[in-house]
Amino acid sequence: MPEETMQFQAEVSKLLKIVANSLYSQKEIFLRELISNGSDACDRLRYEALTKPDLLGGDGDFRVTLSVDPKAKTLTVSDNGIGMTRDELIDNLGTIARSGSAQAVEAMSGDETDVSLIGQFGVGFYSAFIVSDKVDVISRRADADEAWRWTSSGEGDFAVAEADRETRGTSVIVHLKKAEKEFLDPERLGTIVKTYSDHIGLPVVLESAIEGEDPKILNEASALWTRRPKDITKDQYKEFYHHTAHVYDDPWATIHAKAEGRIEYSMLLYIPGVRPLDLFQPDRRARVRLYVRRVFISDEAEALLPSYLRFVRGVVDTEDLPLNVSRELLQDSPILAKIGSAVVKRVLRELEKRADKKPEEFEEFWANFGAVLKEGIYEDPARRDQLLKISRFQSTNGSGLTSLADYVGRMKDGQDKIHYIAGEDTEKLMASPHLEGFMARDIEVLLLPDAIDEFWVPTIGEFEGKKFVSVTQGEADFVPLGEDEKDADKDADDDKPAEGELSTLVALLKQQLGDQVKDVRTTDRLRESPVCLVAGDSDLDRHLARMLKQAGQLEKPPANGILEINPRHALIKVLAAGAGKPGASETMSDAAQLLLDQARIIEGELPKDPAAFSRRMADVMAAALSK
Ligand code: ADP
Ligand code: MG
């Protein structure tokens, strides 16, 4: 087959430019990335060979080999791993496969701030172009007879052609730019490997450029988690985290533990300091890597961690599963389930400890992963209490995050409910008119901005015997105020319209709005705003209904809301005063519709008929201004 030239996926071309421009100050990381790929390739072959030993062809000594050619100014990183077919070369090195990464690149503009974003998902193979003007990849898949060469100068296209390679595996030949000769220096290479790749579980070997001199192993070559914690430095832990998690920040927590009971296993787990890009992928899969006796088995062992802990990264290695356990069987393995439950316990214990002892640090964690962890309240009844204990919430109290227990501790005398409001973001929630009456009476309301809140709250219903009630549902349901508190709530009973006028107004509004609303009533819930919509006692919370509707998961249209009017508002007063006069029902028609549309807008919805809304609004303004 003749050489064929192909275009990179658009995001790759963009990434290559950004990488070359922005990562130059840390250029040596390209070596970490290439070694990491070689090590992954060996892991994958080791796993496949469990069921197909022939693939090894007698060579089970996995290693990554570095060699330099000072004359040609090339550095070659080779492995005897799984190798790539022609198609795999094209797919893997011509597109961005990692979930979330392509979208992230698409969103990047190429300026300074992008560096940290790149740092978050790692640049992988493409980092080779930071130091080179050409890269050749020669690869032979372990089960193939032919080898292929992939070549590119990292500028828009690459070429693929048939090649010669005696043995399986991959060689990445980096043609160094003039200024990058340092990467031909054995000592420099040794230092880089020691810094970034010491934890790799297989030997990284440097071949000598001098004929007859023995190759040198540059790294420790034992899996990091098998070493004793006291022999591991903080940097080594961090580098291993970068390697396994493909996230390049400082981990928020590192958990390294070994169990030697009836089931033997070690875990080296990390809680990232940033949100991984794939956190909200629909599969919600946990991505801890499972090893059996140092052999990588799977990073999809769902039995190991529940999806509400999918932000946890790292490795679990056990002595007690058969090496040839198939990925399918993992699903039902009782041993794995036991290990999994111990792992969950250990992670939650760490979270509990930090929540307790280092509340500020815990808030950082919560900002990143609280929304994910809360899924567990809904999904994992066995650990519900434990999860509730470490859950934190914003509230109208405004002073940082609160636990449910602390909220309950602050409840007013006589208050027997936990009031909350659910919506899209806390800022919008804080501006919600439904809170006005609560704020005026100094009753704390929890602000719940995550979609999952709509699920766990109704599922548990109450906490320590206190019922959760949404401030956007049912009658405003305040604590009966004590006598002195009534005084404090100063405008509580000022000049409201007379009851008779109000009930005439309510009746007129009902008549005008017909079945657009479930009911119209006056409320104590509002202070500054004239109107709001609430859900009936037995209807879905309005925010939940909107969410389900957007997701196409409502069988029938949501119930109409109840329009509540604020008798203390100037507008309602004027309307009430006019409600009893002759001809009121004509003038009321526009007003009623405008009130309902306003209530809709406050909730983030559109008026039912925006054009009619605008026309009515203009008419009313014109009438008012011409007086
Ligand atoms: P990542 O390693 O994070 O998946 P990379 O950009 O480093 O991303 O590599 C892209 C893909 O190319 C890898 O997922 C793998 O499928 C393939 N690949 C890269 N290097 C090798 C190698 N030495 N052997 C086999 N496959 C490789
Ligand atoms: Mg990689």
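A polar contact is defined here as a pair of N or O atoms within 3.5 Å; within protein, one atom must be able to donate a hydrogen and the other to accept it, and residues adjacent in sequence count only if both atoms are side-chain atoms. The structure is a predicted model, in which local features need pLDDT of at least 70, side-chain atom pairs count only at pLDDT 80 or more, and totals for chains, interfaces and linings use all residues. Residues are numbered from 1 along each chain as its sequence is written, chains are lettered from A and ligands numbered from 1 in the order in which they are written, and side-chain values use heavy atoms, with hydrogens and water left out.

Two oxygen contacts of ligand 1 involve Asn 37 and Phe 125: a polar side-chain atom of Asn 37 lies 2.8 Å from an oxygen atom of the ligand, and a backbone N or O atom of Phe 125 lies 3.0 Å from an oxygen atom of ligand 1. In the side chain of Thr 170, an N or O atom is 3.4 Å from a nitrogen atom of ligand 1. Taken alone, ligand 1 exposes 530 Å², of which the protein buries 82%; accessible areas come from the Shrake-Rupley method with a 1.4 Å probe, and for residues only the protein chains shown count as cover.

The residues around ligand 1 (a heavy atom within 4 Å of the ligand) include Asp 79, Arg 98 and His 246. Helices α2 (29-51) and α3 (86-94) each supply at least two residues of this shell, helices being DSSP runs (H or I) of at least four residues and strands (E) of at least two, numbered from the N terminus.
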